[in-house]
Amino acid sequence: MTIWNDLLNLFFPKLCLLCKTPLVEGEEHICLHCLYQLPLTHYEKTDNNPTEQLFTGKIPIKRANSFLRYEKGSNVQKLIHSLKYKDNKELGYYLGKLAALKIQQSGIYKSVNLLVPVPLHPRKKRKRGYNQAEWIAKGIASILKIPVNADNLKRVHSTKTQTRKSVYERWTNVQNIFKVEQPEIFENQHVLLVDDVITSGSTMGACAQAIINNSITDISIFSLSIAER
């Protein structure tokens with residue numbers, strides 16, 4: 001098998017998603033040079049960081065953190081686009097593992113005992129074939145050894161893009177679009193909600209509210225990236 005893999009890599013080398021140079025042994029999806037250039041937030045080192053501030057006065061959360069800074073036209077946007085629209089769910093798993101190593105070092109989520117990815121509407125999930133947030137959560141779980149529950153929180157209403165909406169409109173647009181199937185599963189847990197990009201925090205906030213309305217649950221939040229304003 002190794003010989004065949006070597007031959008395949010010789011004629012069809014795997015390329016870095018960002019700079020398109022051939023990946024060498026030990027590199028996955030992104031070359032080391034591009035990996036070291038990714039804009040880390042380092043929010044895990046800071047109380048009341050910008051991700052946490054999105055929820056201040058709106059939703060009672062324990063901690064919140066984002067791994068990367070997201071800007072239009074940036075390498076982070078290219079990675080998110082590949083993850084969501086290029087059938088590259090394995091990239092979500094890989095980035096989730098990288099984020100989890102930072103999380104593990106900081107201890108920011110040390111009491112979390114359940115990972116819950118932000119759900120897609122069933123129609124969108126069927127079209128895409130997978131939920132990118134679930135694959136990020138799986139990557140985190142592989143390092144932190146915390147179970148993932150992707151079935152208990154459901155998205156029951158689809159919403160149009162929120163790109164042009166104000167912060168207030170984003171929060172009001174997503175009220176009551178999520179439903180908890182079995183509240184007892186979340187009872188007395190510390191749930192970490194996981195998503196790919198956070199902008200206003202409205203979608204995460206709606207997820208958290210749906211859980212809190214049905215269970216006595218501690219909520220923390222993690223996004224792979226944050227679109228800073």
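**View 1. The aromatic pair, Tyr 93 with Trp 135.** In this predicted model, the structure holds one aromatic pair. It's an edge-to-face pair, because the ring planes of Tyr 93 and Trp 135 sit at 70 degrees, with the ring centres 6.5 Å apart. The two partners come from distant parts of the chain, 42 residues apart: Tyr 93 belongs to helix 5 (residues 89-106), while Trp 135 belongs to helix 7 (residues 132-144). Is Tyr 93 buried or partly exposed? With 29% relative accessibility, Tyr 93 goes down as partly exposed.

**View 2. Lys 138 over the face of Trp 135.** Stay with Trp 135 and look for Lys 138, which lies over the face of the ring. The distance to the ring centre is 4.3 Å. So Trp 135 has two partners to look at here: Tyr 93 in an edge-to-face pair, and Lys 138 over its face.

**View 3. Cys 19 and Cys 31, without a disulfide.** How many disulfides does a search of the whole structure find? The count is zero. Cys 19 is in no disulfide, and its nearest cysteine sulfur belongs to Cys 31, 3.6 Å away.

**View 4. Cys 207, a buried cysteine in helix 10.** Now for another cysteine. Cys 207 sits in helix 10, which runs over residues 202-214. Its relative accessibility is 0%, so Cys 207 counts as buried. Which residues does Cys 207 touch, leaving out those up to four places away in sequence? They are Val 118, Pro 119, Leu 153, Phe 178 and Leu 193.

**View 5. Zooming out to the whole protein.** Here's the setting for the close-ups. The protein has 10 helices and six strands, and 47% of its 229 residues are buried. Take the contacts between residues at least 6 apart in sequence: 73% of them join residues at least 24 apart.

Technical notes. Residues numbered from 1 in each chain as written. Predicted model: local features only at pLDDT ≥ 70, side-chain atom pairs only at ≥ 80, totals over all residues. Heavy atoms only, no water. Helix = DSSP H or I, 4+ residues; strand = E, 2+ residues; numbered from the N terminus. Buried < 20%, exposed > 50% of the residue type's maximum accessible area, 1.4 Å probe, protein only. Contact = heavy atoms within 4.5 Å. Phe/Tyr/Trp six-rings, centres within 6.5 Å; stacked < 30°, edge-to-face > 60°. Lys NZ or Arg CZ within 6 Å of the ring centre and 35° of its normal. Disulfide = S-S within 2.5 Å.
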